[in-house]
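Take a look at the sequence and structure, and then we can walk through a few of its features together.

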Amino acid sequence: MPAHPLQRRFQLILIKPSHYDDDGYVIQWFRSVMPSNSLAALYGLSIDAAERQVLGLDVAIDVTPIDETNTRIRPEKIIAQLKRHGGFGVVGLVGVQSNQFPRAMDIARPLRAAGVNVVIGGFHISGCLSMLKGMQPDIQEAVDLGISLFAGEAEEQLDALLRDAATGTLQPVYNYLNDLPSIQSAPVPMLLRKHVSRTVGNYSTFDAGRGCPYQCSFCTIINVQGRKSRRRSPDDIEHIIRQNWEEGIHRFFITDDNLARNKDWEVILDRIIELRVNEGIKVSLMIQVDTLCHKIPNFVEKCAKAGVSRVFIGMESVNPDTLIAAKKRQNKITEYRKLLLAWKSVGAVTYAGYILGFPNDTPESIRRDISIVQRELPIDMMEFFCLTPLPGSEDHQVLHRQGVAMDPDMNKYDTEHVVTAHAKMTPVEWEAIYREAWETYYTPTHLERILRRAGATGINLSSLAGTLLHFSQFTAVENVHPLQGGIFRLKFRRDRRSTFEIEPVWAFYPKYVADTARKLVRVAGAARHLYGLAKSIKADPLKKAYMDQALTPAIEDDLDSLELFNQNDAARNAVHHERHVRELTVGAQKAS
């Protein structure tokens, strides 16, 4: 469509903020691990709104997406961009999690001081408004500064917000939590190649569905996106893949909290398989699933055919009492080995989330649990998290109502810091065992064991070695979680939290250079070891014959012999329950 002769240009700047490290510097990388799905979703919606000319034929919309984990934010440049267009535009801080809210506010303050329209959305806003009465102090501060708040999802609502911004009538709060949209046939998540290329591995993201049927007390998903499954159609998924394929992007992280409970999982996977087989569109996928997904007929097999090579599993604990207390009743320790062996059989790399700080946890019990996992479960990557009462979760709501003390600094709500008290560990002990857990799991002996298991099950050893390098070194080297990581840490002297002083040039730069050199030396040494080990295993003609306790087929005798099932009364009760259910099922089948 030709441009209108009097066309104005509305500036829509979408920013996914990072957050601060313990020294107050923005966590930022030359290449970050993965792009933000919130940013991709908003970019896709915004481009669609621009193409439909929702602000009128005489107004064009320029959309600028910025992921702060790999791109420096310069508020003065944003202000200058808006001024060139007469202030005609809005800055959207998107997908803002609780730990990112302080950084989002530091970005917003100079923008508001210059008269720039600002909207903040994401899980912190939505979680607080959905689960807590009244406006929380940090959110009220945003409103007092003239920042608009957006709770809920932007599909079906973005057009109205853009019109309000264009006419200078933005509302203080847009609350659509009770009006969750259908995402079928909605504009799809999208980022251009130039944005995706700033990530490690050139991954893009999309959600095939939203919502989760489970009730985990520590989770915010169910209270923000709901427990009802809302899904994109197979046509939508095909459109996403084709659109990205044209951009040269073929690796995706499907961000559904649990793809196995997407009611359309099979037709979606069948469509992806068709694209791979019939058109050679060979995508590589990473997904998230629950611990019972292997019991769904054909699920694991079709995932493999569709190109799933990496699987994240929310295991959380090997203690049944802990799982029940956290309302994660769907996790059955008696199924863990069957689940992991099923994924091993199709050559998938497994990642398991493990939460530290449940009520019965102690440093000793955590060390014991990690030892059990190492010996008896064929997991590749373990990801450790501190149990954190995130705003929007039931855990946070309960503590808030009871008046239990929680750290007021939202920057710490990153699942790496202790923010409330524990019955059996001091905050120092809790944070210490969190740091220790990474070193305890990723020992040289166990890293070799993981690689030998990979050699026996047909996993790409070089690729796995790179991932193991990242997970085994990152917390110790960078003092941040591997999922917040990237390649080559960037620090800018003036990009420091407003509560910290700006360091002088003579102090900042020598320390930054020395720190970077120290990190590179350590990582280079670890890389030589891991890649050398992977190379030797790959060349070993007997690598397929490797076997250990974790790789042995799951059999009935495991329930009596393995420590996983005999560590405590709760584990033994879980085994008894499993056998009782099996007996009842067999009896019912015989009777019929």
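This is a predicted model: local features need pLDDT of at least 70, side-chain atom pairs count only at pLDDT 80 or more; totals for chains, interfaces and linings use all residues.

On H14, the buried positions are Pro-363, Ser-365, Ile-366, Asp-369, Ile-370, Ile-372, Val-373, Gln-374 and Glu-376.

H14 itself covers residues 363-376, which makes 14 residues. From first C-alpha to last, H14 reaches 20 Å, close to the 20 Å expected at 1.5 Å a residue.

## The nonpolar cores

Which residues touch the most other members of the largest nonpolar core? In this core of 132 residues, they are Phe-10, Ile-287, Phe-299, Met-315, Trp-343, Met-382 and Phe-384. Helix H1 (residues 37-51) supplies the largest share of this core, with seven residues.

Setting aside residues up to four places away in sequence, Phe-384 touches Tyr-354, Leu-356, Ile-370, Tyr-434, Ala-437, Trp-438, Tyr-441 and His-481. A second, separate core has 28 residues, including Ile-73, Ile-78, Ile-125 and Cys-128.

## Where H17 meets H19

Helix H17 (residues 444-457) and helix H19 (residues 505-539) have axes that come within 10 Å and cross at roughly 35 degrees. The crossing of H17 and H19 is right-handed.

On the H17 side, the meeting residues are Leu-447, Glu-448, Leu-451, Arg-452 and Gly-455, and on the H19 side they are Leu-530, Leu-533, Ala-534 and Ile-537. By class, this contact of H17 with H19 has six nonpolar, one polar and two charged residues.

Is Thr-220 buried or exposed? Thr-220 counts as buried because its relative accessible area is 12%, under the 20% cut-off. You will find Thr-220 in the loop between strand E9 (209-210) and helix H8 (221-224). Leaving out neighbours within four places in sequence, Thr-220 is in contact with Phe-123, Leu-390, Pro-391, Gly-392 and Ser-393.

Asn-573 lies in helix H21 (residues 569-591). Asn-573 has 52% relative accessibility, so it counts as exposed, the cut-off being over 50%. Asn-573 and Asp-321 are 252 residues apart in sequence, and their C-alpha atoms are 9.8 Å apart in space.

Technical notes: Residues are numbered from 1 along each chain as its sequence is written. Side-chain values use heavy atoms; hydrogens and water are left out. Axes are lines fitted to C-alpha atoms, for helices over the stretch in contact, and angles run from 0 to 180 degrees between N-to-C directions. Helices (H or I, at least four residues) and strands (E, at least two) are DSSP runs, numbered from the N terminus. A crossing is left-handed if the near helix is turned anticlockwise from the far one by less than a right angle, and right-handed if clockwise. Contact means heavy atoms within 4.5 Å. Ala, Val, Leu, Ile, Met, Phe, Trp, Tyr, Cys and Pro count as nonpolar, Asp, Glu, Lys and Arg as charged, and the others, Gly among them, as polar. A nonpolar core is a set of buried Ala, Val, Leu, Ile, Met, Phe, Trp, Tyr and Cys residues joined through side-chain atoms within 4.5 Å. Buried means under 20% relative accessible area, exposed over 50%, partly exposed in between (1.4 Å probe, protein chains only). The expected span of a helix is 1.5 Å times one less than its number of residues.
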